[in-house]
Amino acid sequence: MADYETANAEAIARIQKAQPVLKGIDVAEKVVPGMRKNLILHAGPPIEWEKMSGPLRGAVIGGLMYEGLAKTKEEAEALAASGEIAFEPWHEHSGVGPMAGVATARMPVFIVENETHGNRTFCTLNEGLGKVLRYGAYSEEVLERLRWMEAVLAPVLAEALEKHGPINLKTLIAQALQMGDEVHNRNRAGTSLFIREIAPFLLEGTSAVKERRRVLEFINGNDHFFLNLSMPAAKAIMQSAEWIEGSTIVTTMARNGTEFGIRVAGLKERWFTGPAQVIDGLFFPGYSVKDANPDIGDSAITETCGLGGFSMAAAPAIVKFVGGAASDALNFTRKMYEITMAESESFQIPALDFRGSPTGIDIMKVCELGILPQINTGIAHKEPGVGQVGAGLVNPPMECFERALEAYAETYA
Amino acid sequence: MSGMREIFGKEVVVINVGLDLFAEELEKATVPVQRVAWRPPAQGKKKVQDLLARIKKKKGKE
């Protein structure tokens with residue numbers, strides 16, 4: 001067996017070489033491994049219906065109604081509790097989902113392929129802000145938008161993507177970092193760059209002009225559209241380090257609104273969990289911390305990959321959204337170099353003299369130094385159906401890392 | 001602190017390692033202090049320290 005330093009060097013080499021490329025869009029049931037009609041995928045580590053938080057429950061209700069498996073909230077709740085529906089983490093199906101992260105069989109998904117190592121990852125298309133499924137909203141307005149995304153957005157974009165050919169997401173993310181994004185809670189540059197790539201090919205589309213115009217307006221009206229591309233790209237990169245024997249590098253950080261879970265390259269498929277934390281953030285008018293659900297979503301895959309909170313120095317403007325001062329953004333990134341193994345060869349931070357972003361979280365460093373990964377995140381209302389109430393900063397619970405360290409010692413030492 | 005200057009013959013700068021309390025008291029007395037952020041390994045948790053030592057020892061044997 002390789003020692004952890006050798007194993008980690010191999011993991012970092014694979015992470016550095018990974019090339020996530022957007023290949024297309026298709027229906028989840030056709031392309032996501034193991035996807036089936038009675039399966040609901042969700043963010044974070046495994047969880048049963050009884051333990052789900054409000055926003056995740058709301059998203060499950062909406063998902064079952066969208067899928068045509070239930071007509072009302074009550075029917076959906078009864079079905080979810082009946083045992084006939086399986087709930088499994090997106091991460092166990094090579095995918096990621098922002099916030100509640102709920103995906104069902106007929107939802108369209110982006111297909112991202114790591115061209116270096118051949119692994120494929122998936123993510124649904126971003127619905128925008130306000131009342132949306134990922135924050136647990138399930139009203140008719142939410143379901144109607146999801147149906148439009150399935151019937152119009154996905155096929156129109158899929159056609160344009162096919163005409164364009166594969167889009168290298170690593171390159172787009174690298175450019176977005178130069179333009180003030182960190183591609184977790186700031187995706188304005190990434191979304192703009194994506195539009196620049198896709199717009200000429202939308203013009204060549206065969207659907208009605210009115211539909212293509214609405215697709216462009218929808219993407220342009222949603223600064224977070226690129227999040228659902230940065231996430232599967234980050235997943236594709238980190239998946240390339242799974243499951244390297246002996247490695248102590250974190251390949252997954254994810255939350256289901258009740259628990260925070262991590263997975264480690266050398267501890268195949270095992271989750272190490274602790275309670276999801278309360279987010280310290282800025283709230284939209286009329287809301288306060290009393291309304292907030294604990295930390296939720298797979299979007300911490302960006303931080304796992306050295307983006308998001310780890311690259312906040314590239315996105316000082318984000319502090320107006322998540323709180324703090326611009327100098328804090330620089331300091332968060334500087335601190336993350338202490339618990340990571342390498343600096344990205346692709347993702348560079350202008351304000352730090354183009355230093356590569358801190359990459360490859362090492363559970364040994366986290367435990368030894370007592371420094372937790374820095375995550376920035378949206379805040380969901382604790383009741384289903386309300387939506388986003390703010391954004392802020394959060395850390396994982398230390399016990400995730402200590403439990404992983406204990407399992408590592410039991411396995412290898 | 002003027003007495004300190006007399007003893008050392010020059011300005012004294014204090015390096016404070018770890019707890020901020022000492023640094024804060026000196027700063028109140030206008031003594032220049034350089035703070036070093038230091039924490040005990042593994043937040044002082046013996047079990048975690050032992051796990052880390054075990055893993056590092058195993059590597060040392062290979």
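A pocket, as the word is used here, is an open set of grid points with protein on both sides within 12 Å along at least five of seven lines, and its volume is the space filled by probe spheres set on those points. The model you are looking at is predicted.

Begin with the largest pocket, which has a volume of about 240 Å³. Select A:K335, A:E338, A:E368, A:L369 and A:I371 together with B:A37, B:W38, B:R39, B:P40 and B:P41, and you will have its lining on screen. Coloured by class, this lining shows six nonpolar and four charged residues, with no polar ones.

Now show both chains and select the interface, where 19 residues of chain A are in contact with 16 residues of chain B. The two chains bury about 1600 Å² between them, and 61% of that area lies on carbon and sulfur atoms. Three salt bridges are found across this interface; to see one of them, select B:K47 and A:E406, whose closest N and O atoms are 3.2 Å apart.

Finally, on the side of chain A that touches chain B, highlight α1 (4–17), α13 (363–369) and α14 (398–412), the elements of chain A that each give two or more residues to it. Of these, α14(A) gives the most, with eight residues, while the residues of this side as a whole divide into twelve nonpolar, one polar and six charged.

Technical notes
Residues are numbered from 1 along each chain as its sequence is written. Chains are lettered from A and ligands numbered from 1 in the order in which they are written. This is a predicted model: local features need pLDDT of at least 70, side-chain atom pairs count only at pLDDT 80 or more; totals for chains, interfaces and linings use all residues. Side-chain values use heavy atoms; hydrogens and water are left out. On a 1 Å grid over the protein atoms alone, a cavity is a set of points where a 1.4 Å probe fits but cannot get out, and a pocket is an open set with protein on both sides within 12 Å along at least five of seven lines; lining residues have an atom within 4 Å of a point. Ala, Val, Leu, Ile, Met, Phe, Trp, Tyr, Cys and Pro count as nonpolar, Asp, Glu, Lys and Arg as charged, and the others, Gly among them, as polar. Contact means heavy atoms within 4.5 Å. Buried area is the accessible area (1.4 Å probe) that two parts lose on being put together, summed over both. A salt bridge is a side-chain nitrogen of Lys or Arg within 4 Å of a carboxyl oxygen of Asp or Glu. Helices (H or I, at least four residues) and strands (E, at least two) are DSSP runs, numbered from the N terminus.
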